[in-house]
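Thanks for asking me to look at this one with you. Here are my notes, in the order I would read them with the structure open.

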Amino acid sequence: MTKTQRADTGTTEATEARPAPQAGGPKPRGMGPLGWLRWGWRQLTSMRTALILLFLVALGSVPGSILPQRGQAPERVAEYLEQHRTLGPWLDRLSLFDVFAAPWFAAIYILLFVSLAGCVIPRSRQHWRAMRGQPPAAPRNLARLPQSASFETDREAGEVLAAARRLLRGRRFRVADGTASVAAEKGYLGEIGNLVFHLALLVLLFAVAAGSLFGYRGNIVLTEGGAFANSLTYYDQFTPGRQFSPDQLAPFSMRLADFRAEYVTEGERRGQPLDFSAKVYYREGADSPEKPYDLRVNHPLEVGGAKIYILGHGYAPEFTVRDGQGNVAYRGAMPFLPIEQRNFTSEGVIKAPDARPEQLAFQAVFWPTAVADTRNAQVVSAFPAPLNPTVSLMTFKGDLGLDSGIPQSVYRIEGIGKTLQPVRDGSKLLRQGETFQIPGGAGSITFEGTKEWISLAVNHDPGRVPALAAAVAAIAGIVASFMVRRRRVWVRATPGEGGRTVVEVGGLTLGNPTAEFDDLVTALRRDVPPTGPGDAPAGADDKTEE
Amino acid sequence: MADGDLANLSDQLMLGTVLLYVVAMVGYALDLGFGLRRRQTEQTEQAEQAAPAKVLVGSAGAEAVDAGTDAGDAADADADEGGRRRETDWGRFAVLINVLGWGAHLGMLVTRGWAAERWPWGNMYEFLSAIAFAAVTAYLVVLVRHKARFLGAFVMVAAVIALGIATIWLYTPVGPLVPALKSYWIAIHVSAAIVATGAFTVGGTATLLYLLQSRRQERGTEGGGALALLPGADTLDRLAYKITMFAFPIWTFAIIAGAIWADEAWGRYWGWDPKEVWSFVTWVIYAGYLHARATAGWRGRKAAIISLVAFAALLFNFFGVNYMFSGLHSYAG
C-alpha cells in the first residue's frame, strides 16, 4: 500500500513506503532463520507481492461467478455434479463450488490482509510521529526543488522570516524554525485518509467474519393464516454461525394474515409483478403485545436483533380429503412449488395418511388462471393471479411409508409403484369448489380454495453495523487521500549584497506542483516588498507543468 | 401529455442524439485530420522560411514530426491558434454539435423517466443510455477542465456504439419496475454505478491513447498519423489517472450502496451474486492499477494495461453477467 500519488517530478521524495523486494536487503543466501524471516516478511509486505495477491483475489473470484455455488444455489451444484460426473468431483475437490469459503481463497485474502497490515501499521506509526514532530528542515539548495522562487528585499532577514511564519501559519501550515529558515508542512489529512481507508478494509474483513460467526440465517415458509415462533422446529433451513447456539434465538413470533400481489393486467407486460405486500402481526416476546407490520420487498421487519425479509411467494391450494368411510382424512392448505415464475404454474402433493381403509395421496398441478392451450390441448396458466384457479389431480392409494421412520419431503410422494399404486381413472381436473369422487369408493377430494404462501428469510448478522461503519470510513478515507496532498514549503532569508536580504522559497508537493505555491510567493512579496534589479519574478523557476 | 407521447418523444430524442453524436464524431475526426495537415503545412512553411535548403534535401518530414511531438502540449490549446485563417474550425463545430447532442440525450432520459414515472434506469436499455450520457458528460467536464478535445472523437465512437447497442438489441418499451427495484436506493446505487462507469469509460479511452502514444514515442518519431496531434504520453497517462481517481471512490460508493440495498431487499449485504463478484473483481483490479501506478517497475504501460483489464471486467460485469449468468441482478436483462 503505497501512497497512490507520487512525485511525478521524480524528486527524492518518491513515496514508496513499501520496500522494493530486490533492494529490500541482502540476498537470503547464508542467512540465519531470523534473517530468512525478515526476508520473507519484507517480501510479503512488498508492493509487488501485494499487487500479485490483489490479482489473485480477483482471479480467484471468477470461478465463483461461473460455477454454481453451494452458498447461493445448492440445488444447481447438485445438478452440475449430476451432469459432469468426471469433472464435477475434481472441481469439488478444489472447493470450486464453495469458492468464497475455500481454504485457498482464504489463504490469498489472509496473506493480502497480513501484507496490508504489515505495511499500514508501521506507516501509521510513522505518520503519527511525523504529525507530532517538526516539519523537516530546509534542504541546502531550495532552487533545485520542483517549485522555487527567489527575490531580494530591503527588509531584514528576521523580519522576512517572521512574515513567512505569519503567512504560513495563517494558511494553516505547521511551521518550524531552522537556521535562517522556516520550514512548513500541511496536508496530513491525505495520508490519514489513505491509512484510514486501508485500516477500514481490515475492520470490514473482521466485521464480515464476526457477522458470520455470531449470526444465523434461516428460511421459513408461511401460509396465510399460519404462524411461526423463532425456534428451530419452524425453520425449513437453518444455518447458524459457528459461535451461535440455537438457544440464543430471540423469542419473537409472527403470523401471516394476508398476502397480496399486484400485477400488470394489460399490455405487453401483462403479468409482470408490481407490488408484493404481506400483512403480518408479530410479538417481540411471548408476553409482548402484538403489532402489525406491512412486510414488503425492500421493507424488511426488524425484530429481536434479526431482520425478516420476504423472499418469494406461491400458492397453497386448500383441500378436504374424505376417506372411503366418509371421514375427513385431511383438511388444509398445502404449499405448492411454482415450476415457472411467470404465471405460477405450481405443483405439489397432498398426503392423507389418516385415510381408511387405505392411505391416499395426490399428485397435483395448480394453475392460478387456467386456460386451454388450443395447440397442444393442454391446460396452461395465463396469469399469475388466481383468476381461475384449477388443479389437476392424480390419485394414489396404498401405504405412504410415513411410519417407516425415514423422513420424507412434503413435496414428494415416495414409493409409487411399490407400496403406492395409482388409482384407475384417478386423474381429474378440478376447479375451485368442485369435488372428485375417487373411483372404487376410496373417498373424495374437494378443492376448497386458494391461499398464498410466502417464504421468509430470517437473518441475524451482528457484523452488519460495524461493516457499514468500516465501509463509510473507507469511502471518507479514500476521498480524503485523493483530495488532500501533503505540501512542504521552505523559506530562507540570508544577507545579500548592499544590506539587502535574499529570500528563497522552495516547495515540494506529493504529486504535481500546485498553484498554492505561487499564491504563497505572491503573498510573501506583498508582505516583504522586493527591491533592486536582481529581482526575479515570482515563480520564474517554477517547474509547474500545468 | 400522455405517457405514450412522452415515450415516443424519448425515442425520437434518442435518434436525434445518435445523429448529433455521429456528426460530432465526424467533426472531431476532421479536426484531428485537418489539424494534422495544417500543422504539417505550417511546419513546412516555417522550415522553408528558416532553411530552404533543408527542404530540398527532404528532411522536412522528420522535422515536422519532431515538432509534432512537441505539439503534444500545444494541441490542447489549439482553440486560439493563429494559423487557421480561412479554414473551417471543425473542432469548435464538433463541440457545438456535441453539446447539442448532450442536450438531446438529457432530454431523452428525462422524458423517458417522466413517461415511466420513475428513475429512468430500470432496465438495460435505460441503464446503457444513462452510462453513455455519463461518459459524454465526463468527457465534456474533462474538455472544459483539461482542454482534452482530442478525446472527443473516441468518446463519440464509444457513445454511438453504446446507444446503438441499446436501441437495436436492448430496447424495452416504457414500463413499470419489478418490486425488487422499487426503492429509493435505485437513485443512489444505480446513479453512482452509472457515473463511475461513464467516467471509467473516458479514463479507459485516455489509457488506450496513452498506450498507443507511448509505443509511438518509444519507437521514435516515425509517422504516427493522428497520434502526432495528441498530447504526449505523460499528459495522457496523468489524465487517465486523474479520471480514474475520480471514478474509483464513486465505484466504491456504488458497491457499498448496493450492499446496503441488498441488505434491505435480499436479507444480506453481500452474497457473492455474479454481479457482486464482478463488481468486486473490477474494484480489485482498479485498486491494483492505482497501486501499480505508484510502484517502481509497474508504472507506465504495465499499469495502463491493468487499467484496461479492469475496464474489460467492468464491461463484462455489464454485459456478460446479465446475459450469461443467472443471478439476482438478472431482471435487468
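1. Residues 12–30 of chain B are 100% helix and 0% strand in the model, and their end C-alpha atoms are 27 Å apart.

2. Chain A has "transmembrane region" features too, again from an unreviewed UniProt entry: residues 50–67, 101–122, 195–216 and 465–484. In the model, residues 50–67 of chain A are 94% helix and 0% strand, and 27 Å separates the end C-alpha atoms. For residues 465–484 of chain A, the figures are 95% helix, 0% strand and 28 Å between the end C-alpha atoms.

3. Now to the place where the chains meet. The contact involves 57 residues from chain A and 55 residues from chain B. The size of an interface is often given as the accessible area lost when the parts come together. Between chain B and chain A the buried area is about 4600 Å², and carbon and sulfur atoms give 63% of that area.

4. How many residue pairs are in polar contact between chain B and chain A, taking pairs with both residues at pLDDT 80 or more? The count is 13. On the side of chain B that touches chain A, the elements that give two or more residues are helix H8 (233–265) and helix H9 (274–292) of chain B. H8(B) gives the most, with 14 residues. By class, that side of chain B has 36 nonpolar, eleven polar and eight charged residues.

5. Three salt bridges are found across the interface of chain B and chain A. One of them joins the side chains of B:Asp263 and A:Lys307, at 3.3 Å from N to O.

6. Finally, a word on confidence. The model scores ipTM 0.80 and pTM 0.82. Chain B has a mean pLDDT of 82, and 79% of its residues reach 70 or more. Over residues 51–85 of chain B, however, pLDDT stays under 50, and the model has 38 contacts beyond four places in sequence for this stretch. Where pLDDT is low, the predicted coordinates should not be read in detail.

Key:
Residues are numbered from 1 along each chain as its sequence is written. Chains are lettered from A and ligands numbered from 1 in the order in which they are written. Side-chain values use heavy atoms; hydrogens and water are left out. Contact means heavy atoms within 4.5 Å. Buried area is the accessible area (1.4 Å probe) that two parts lose on being put together, summed over both. A salt bridge is a side-chain nitrogen of Lys or Arg within 4 Å of a carboxyl oxygen of Asp or Glu. A polar contact is a pair of N or O atoms within 3.5 Å; within protein, one must be able to donate a hydrogen and the other to accept it, and residues adjacent in sequence count only if both atoms are side-chain atoms. Helices (H or I, at least four residues) and strands (E, at least two) are DSSP runs, numbered from the N terminus. Ala, Val, Leu, Ile, Met, Phe, Trp, Tyr, Cys and Pro count as nonpolar, Asp, Glu, Lys and Arg as charged, and the others, Gly among them, as polar. UniProt positions are given in the numbering used here, feature names are shortened, and annotations may be inferred rather than shown by experiment. pLDDT is the predictor's confidence in each residue, from 0 to 100.
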